[in-house]
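Biologist: I would like to learn how to read a model of this kind. Please start with the overall figures and then go to single elements.

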Amino acid sequence: MAVPARTCGASRLGPAPGALPRPGPPRPLLLLLLLLLLLPPPPLLAARGAAAYSFPQQLTMQHWARRLEQEIDGVMRIFGGVQQLREIYKDNRNLFEVQENEPQKLVEKVAGDIESLLDRKVQALKKLADAAESFQKAHHWQDNIKEEDIVYYDAKADAELDDPESEDMERGSKTSTLRLDFIEDSNFKNKVNYSYTAVQIPTDIYKGSTVILNELNWTEALENVFIENRRQDPTLLWQVFGSATGVTRYYPATPWRAPKKIDLYDVRRRPWYIQGASSPKDMVIIVDVSGSVSGLTLKLMKTSVCEMLDTLSDDDYVNVASFNEKAQPVSCFTHLVQANVRNKKVFKEAVQGMVAKGTTGYKAGFEYAFDQLQNSNITRANCNKMIMMFTDGGEDRVQDVFEKYNWPNRTVRVFTFSVGQHNYDVTPLQWMACANKGYYFEIPSIGAIRINTQEYLDVLGRPMVLAGKEAKQVQWTNVYEDALGLGLVVTGTLPVFNLTQDGPGEKKNQLILGVMGIDVALNDIKRLTPNYTLGANGYVFAIDLNGYVLLHPNLKPQTTNFREPVTLDFLDAELEDENKEEIRRSMIDGNKGHKQIRTLVKSLDERYIDEVTRNYTWVPIRSTNYSLGLVLPPYSTFYLQANLSDQILQVKLPISKLKDFEFLLPSSFESEGHVFIAPREYCKDLNASDNNTEFLKNFIELMEKVTPDSKQCNNFLLHNLILDTGITQQLVERVWRDQDLNTYSLLAVFAATDGGITRVFPNKAAEDWTENPEPYNASFYRRSLDNHGYIFKPPHQDALLRPPLELENDTVGILVSTAVELSLGRRTLRPAVVGVKLDLEAWAEKFKVLASNRTHQDQPQKQCGPSSHCEMDCEVNNEDLLCVLIDDGGFLVLSNQNHQWDQVGKFFSEVDANLMLALYNNSFYTRKESYDYQAACAPQPPGNLGAAPRGVFVPTIADFLNLAWWTSAAAWSLFQQLLYGLIYHSWFQADPAEAEGNPEARESSCVMKQTQYYFGSVNVSYNAIIDCGNCSRLFHAQRLSNTNLLFVVAEKPLCSQCEVGRLLQKETHCPADGPEQCELVQRPRYRRGPHICFDYNATEDTSDCGRGASFPPSLGVLVSLQLLLLLGLPPRPQPQVRAHASPRL
């Protein structure tokens, strides 16, 4: 078998780097060696350094394995208390009932509850959208409106008042900004004001422009609708109107989260706005890289393409190509690919490598783009089709290409972008756009990039507006990070249309006003799912039409960039297999289904793989694009529900007077063992705490006040907790209290239950207890439920702060646990896990004895004389014989080598790479590789450490001395860049997360490759040789029955020449973002786009297709501006104004 690669690509085993070939024997010795080979073998295999010993026979090692199995089983039978706990449950049968999880009913109920929750938001959305359209239609446009005429709460005002260099402070804003008081609201995780809305305006938009002031004027009326919506549904979170002008009005009011650097937030670039403002897109971006495109213009193009990519969502498909005399893709993608985060990252990196050379060939670029859009053999959006061309100008109109590919139907829109300052005639570019239902834009400088790479959405929105009510479809987004701190949310969106007409009998207005959105926090949806009745390994999940998870226990992004959605595919959230692919496809298609499968699952600590049985049941969530699934292990079909009614009737006040509650009190810990309670939401007024001792104290204090039938408490959780407190106390009483743990070298015994109790005995052992107090989040608990027998869990290496021989009072232990299976009638369930904690040092010594020729520890060691026939054992011959116990993940559990005790818990390849490789190659272990797409990595050091910002054209001394250069377009464009760079420099050089003040800016999302090992197909005793010439080693391996252990006996290595490779288990960073993205797009996963598409309307007016003219800069103006720059008096940048005559901007 191949050894895992050290990188994310595949590789084969070879000699270790720098290793020399092993020399052959000298020629004079060949005859002697041949003679030795012909001689009959001696009766004994001489052990190195002890001629009288031979490698133990297979029967001997099988005998040692049986002794180990018997010792483990004996200890667990005496101290584990599995049988006794079963009897305790049966003795207390009157205190609980057995309830059944019926998967189909459960999943349908949860889907219905989620549908009802979202439907309430839909009604509020429709009310808002209708009101917005009415308000705007009734609004009278005011050309002479002034800033002092408008009163509103500017969400960024507080931050700007604190910043003396802010735009408003410098300009002396006349806007009447409200000053509000705020109250803390836990639902919003923020301070809010329920009486007002807040307004956020992007940094690059002038607040005092006529368009913005009119927008603020008519949207003010939305405030009352927001307030009325919340009165009718107090659970509503953010209600937002994102305007096509860039204005965001949201309710309730809260101060904007001021970033550390420039605030790049623009609602029109938010995932929810993009999805709501237009139908899915097939886009081909072509970039002119002819020789005339050089320096700053090429830099502007690269940045523009990256900004354009950010306007695409996962419902869109895209490709990017460069062209001069011929066209070619900038990346490895040869066709349209889904515009997901990873594909866009590939494009953005590839675009930076574009180099200008050759002559302009529009024909080559457009023919390539049309061919891409006509390729029907690939997955694509099949809705809006468009070509986006970035160029510095040219004379060719390529009419013959449009006639061949696009006329007369004009199914492909063409958008042209004139980039940089130049003297070229832009009429051909305008004609191309106007003749193909597109739009012409100018990007003369950096300040125009963002606004002009997103306004094509207005054009795409025309068919949607003209479709009227048919297009008023609520869409639910992918998961993304809320910009105001709610965490992960989904948003329901509804487009808002301009219903005005220019005059009597005139055509209907075709502008989209914006998008209305209402957030739903994922936590609110999770609350509708059953939490603790499904068991530790049961869960609910939901996916969308892309196969991305909306709900899943493994949806845990380590860092989020709120500019991008959180897209974790179902097949990446779990370990992919054919059965799950089939389930995913059925869910995307909106079908119901049920299937029992055998599958692999990753342990909670991501160190182990278990092969398990799971039942999957799924149904669609009606009126949404989501589908809901339920996963249940067979042993979670039934669960216990405490029935403490008799006790409750006897006790009127309070819960603390209930029977068994006293065993939760710390005063009982010395005699009954320490109790950890799961930090669950037992009651609404219970104060949470990460410190379990403090949480228990808060719990007890609350129970002194709460009655058993209190409405503020979750009776199911509360009563099950008290039930399990009493049951585990009886285990102490019947089993643990009278046993001497030291006799069997035990540090502790423990029991953990579904009800949330973890009892550790004796009390002092709790000081070294590091397992999660929530059993459902404890790896040992979940693995024990999924496996039969005794599960060993060695301490993680982080716990071994120093060698065990120096540890005080035996503080390092090995956990051994097993599930308690309870049969009540024909119903079987696993309500608890019990186990012991072995003293590492003492059991290492015991291990030597059990794998030796001694029958017990007090028997003297057997001496072997020169004439005796003796086999090596793990005790006497530990200098020559290596004996180890390795768990099913390949981690060292016990060793007969004292110097390896401080390596217990390490992956065995780090201890003995040669032997671990042999075990893997002989199928004792199987490897599973997967990718974690939610990881966070430290930022990479910048590639350019110079003082100049990255991506900025820096003129040479020769340029400064050349008068022609000063009067050229390059100087003019450079000046504009420097001018806008005073405010917007981060667009070229800063990471978006950093620029927007993301608190996680120090880390970025990345892909980590994970490798786990688990037991392979070999389940018998096995002898083999590691063939390596003079360094060959004999070894024997055998699985210990009823455990997750592998017993291995091997000769210790004589030399290191066999070190040809090392198996890796630790997580590694993939610089290429995981599996080769260029290969993955060749086999795209199944998905479905939205079921509606608005890309054509016969009444669309395409006459508004962009205007503008390029003009040569005035030499006098240039000189004046340069002098201002050199004198350090930079003029204030003017607001960007779109070239066409729209009243919006």
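Modeller: Of the 1145 residues of the protein, 58% count as buried, where buried means under 20% relative accessible area with a 1.4 Å probe and protein chains only. This is a predicted model, in which local features need pLDDT of at least 70 and side-chain atom pairs pLDDT 80 or more, while totals for chains, interfaces and linings use all residues. Residues are numbered from 1 along each chain as its sequence is written, and side-chain values use heavy atoms, with hydrogens and water left out.

Biologist: How many helices and strands are there in the protein?

Modeller: Helices (H or I, at least four residues) and strands (E, at least two) are DSSP runs numbered from the N terminus. The protein has 34 helices and 41 strands.

Biologist: What span should helix H23 have?

Modeller: The expected span is 1.5 Å times one less than the number of residues. H23 covers residues 692-703, so its 12 residues should span 16 Å, and its end C-alpha atoms agree, being 16 Å apart.

Biologist: Which residues of H23 are buried, and what do they pack against?

Modeller: The buried ones are Asn692, Phe695, Leu696, Asn698, Phe699, Ile700, Leu702 and Met703. With contact meaning heavy atoms within 4.5 Å, they pack against helix H22 (669-672), strand E27 (674-677) and helix H24 (715-736).

Biologist: Which residue caps the N-terminal end of H23?

Modeller: A polar contact is a pair of N or O atoms within 3.5 Å; within protein, one must be able to donate a hydrogen and the other to accept it, and residues adjacent in sequence count only if both atoms are side-chain atoms. Here asparagine 691 is the cap, with a side-chain oxygen 2.9 Å from the backbone nitrogen of threonine 693.

Biologist: What is the strand order in the open sheet of 5 strands?

Modeller: Two strands pair if DSSP finds at least two bridges between them. The order is E35-E34-E40-E39-E38, with antiparallel pairing. E35 and strand E38 (1022-1026) are the edge strands, each pairing on one side only.

Biologist: How many bridges join E34 to E35?

Modeller: Strand E34 (residues 881-887) and strand E35 (residues 892-895) run antiparallel and are joined by 3 bridges. Valine 884 stands opposite serine 895, and leucine 885 opposite leucine 894. Their hairpin has 4 residues between the strands, and glycine 890 takes a positive phi near 90 degrees there.

Biologist: Which strands does helix H27 lie across?

Modeller: Axes are lines fitted to C-alpha atoms, for helices over the stretch in contact, and angles run from 0 to 180 degrees between N-to-C directions. H27 (residues 913-921) lies across E34, E38, strand E39 (1033-1039) and E40, at about 55 degrees to E39.

Methods. Buried < 20%, exposed > 50% of the residue type's maximum accessible area, 1.4 Å probe, protein only.
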